[in-house]
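Hi,

Here's the structure I promised to send over. Have a look at it first, and my notes follow below.

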Amino acid sequence: MMSIIRKAGFVAAGLLLAFSVSAQEGHPLKGSWIGEWKGNQASGDFLFLVLDWDGKKVSGTINPGTDDMVIKAATLNPDNWTVHIEADGKVKDKAVSYTLDGKIVNLELPSRSIVGTWKSQNGGGALEVVRQ
Amino acid sequence: MLNTKVKALLGAAIASVMLGLVSAPVLAHHPIQAKFDKAAEMSVTGVVTNVDWKNPHVHVFLNVKNGTTLTNWAVELESPLLLKGSGWGSQSVKPGDTLTVKGIRARDGSRQLWSEEVTKGGTALLTLKNLRPAVPAKKEPAPRGADGKVILGSATGYWGFPSSYALVEDAVKVKMDKYGQLADLSDAAKVAPLQPWALALYKNRQQRDLRDDPMFLHCKPPGGPRQYQSDLGIKFVEDKINQRVFILMGSGNRNYRIVYLDGRDKVGSVTGDADNPLYYGRAIGKWEGDTLLVTTKGFNEDFWMSNGGLPHTNNMVLTERFTRPDMNTLQYQVAIDDHGAYTRPWTASWTMQWVPDQEVPIHFCQDNRP
């Protein structure tokens, strides 16, 4: 019974969190993004992106604290709101390079998304992260 | 099978979520064009069923007969404040009155109409007045205190009715309405020296008719220069004992900003601290002759700093100059230094008008209603 109650609690908390995203009216990429890079057997499906904007470039980290990959290049094309991110890291002591390409969806919302694809030397797949 | 207790808990969880969803903000207060389509002019005649005399906008509900069908229309009018200033009251129209209303229809196709033209039996009932007070023919000198310093905030009165409703770089001429919407979107790049992403975002907000404005959607404070872009204005309260100036707002969420004149440091101004409200940053002021010079850092990125939706980042530093050259004029000049959103520092300036013998009017941005 407890597990059902806990599940109900998690569902409620998750949904409430989804609707209590803090506003971000500055650079559209800045902030924390949570979602999935589907089919990623090396790093797992769950994806955290933390992005910042210093006025000249986008910087950030993929999966901070776990895979902890520092983003080496990230660009936003404001003509069509496409995003390109490159990062190198290590998974189980093996070097891996990721390239993420996507587009910002629902730009006007605090809970905007980046939807696109990821790829590495180990494969690729669909990508979707939502700004928190 | 779930037992009753678990079902109840699940129900409560779902209900709490749904409550959160339904109380999410709607376009309670808004630029007119954000909700209504200026190109969709129409007229309806019907019988008043109800009058909802509340902020931010008054609604009159009409039963409109079309053949044998009766439909209810919601007619949205200006704020109670402006209607009252135009000679209207909550009893100006009553249930049972037959009215003809001309206006523009809601973009979402619902039976909602924005109107500034109401007639009854062919007689105009509503004529909106411009509440901007007349400027006295003779200029009076600015009031001064015992210390000889200019008083920015006299006891009765407030500053309102700005000469510009949006930030535009000094010497640039572009046409905008009072919500900061450009008459010609191709003028966007002229407004300020925007970085490419900021220009694209500004144009996106303009193209969406400013409907995403967090000040209207979520009642967020109008931080930065936007505080001085409302007809309903501001009031300075100079607290000489504690060496600070409070700038009180009449509209929006009736917030206030504090300018510290006690020589404190700007430490902590970027990331904020307990003494830093962030929407208004951390403002440090000093007098330079008759001008109050205010430097502010530490803004968050949760608001639009100007009507019309110019973006900013938390790198923004504002240098503002407030001068009262005569009794009825407040000169406002702001230098914007934000390398996160702009290619170079830039300035804008406008004036505000003294509204004598009146307190700052109360006009909340929303009372949690559609």
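In chain B, strand 3 (residues 69-76) and strand 5 (residues 112-120) run parallel, joined by three bridges. One contact to look up there is Glu76(B), whose bridge partner in strand 5 is Trp114(B). Keep in mind that this is a predicted model.

Strand 4 (residues 98-106) of chain B pairs with strand 5 in the antiparallel sense, over six bridges. If you want a place to start, Arg105(B) has Leu113(B) as its bridge partner in strand 5. Strands 4 and 5 of chain B form a hairpin, with five residues between them.

Lys120(B) is bridged to Thr123(B) in strand 6. This is a hairpin too, with two residues between strand 5 and strand 6 of chain B.

Zooming out, chain B comes to six helices and 15 strands. Of its 370 residues, 39% are buried. As for the contacts in chain B with a separation of 6 or more, 60% of them are between residues 24 or more positions apart.

Cheers

How values were computed: Residues numbered from 1 in each chain as written. Chains lettered and ligands numbered in written order. Predicted model: local features only at pLDDT ≥ 70, side-chain atom pairs only at ≥ 80, totals over all residues. Pairing = 2+ DSSP bridges. Helix = DSSP H or I, 4+ residues; strand = E, 2+ residues; numbered from the N terminus. Buried ≥ 20, exposed ≤ 12 C-beta atoms within 10 Å, placed from the backbone. Contact = placed C-beta atoms within 7 Å.
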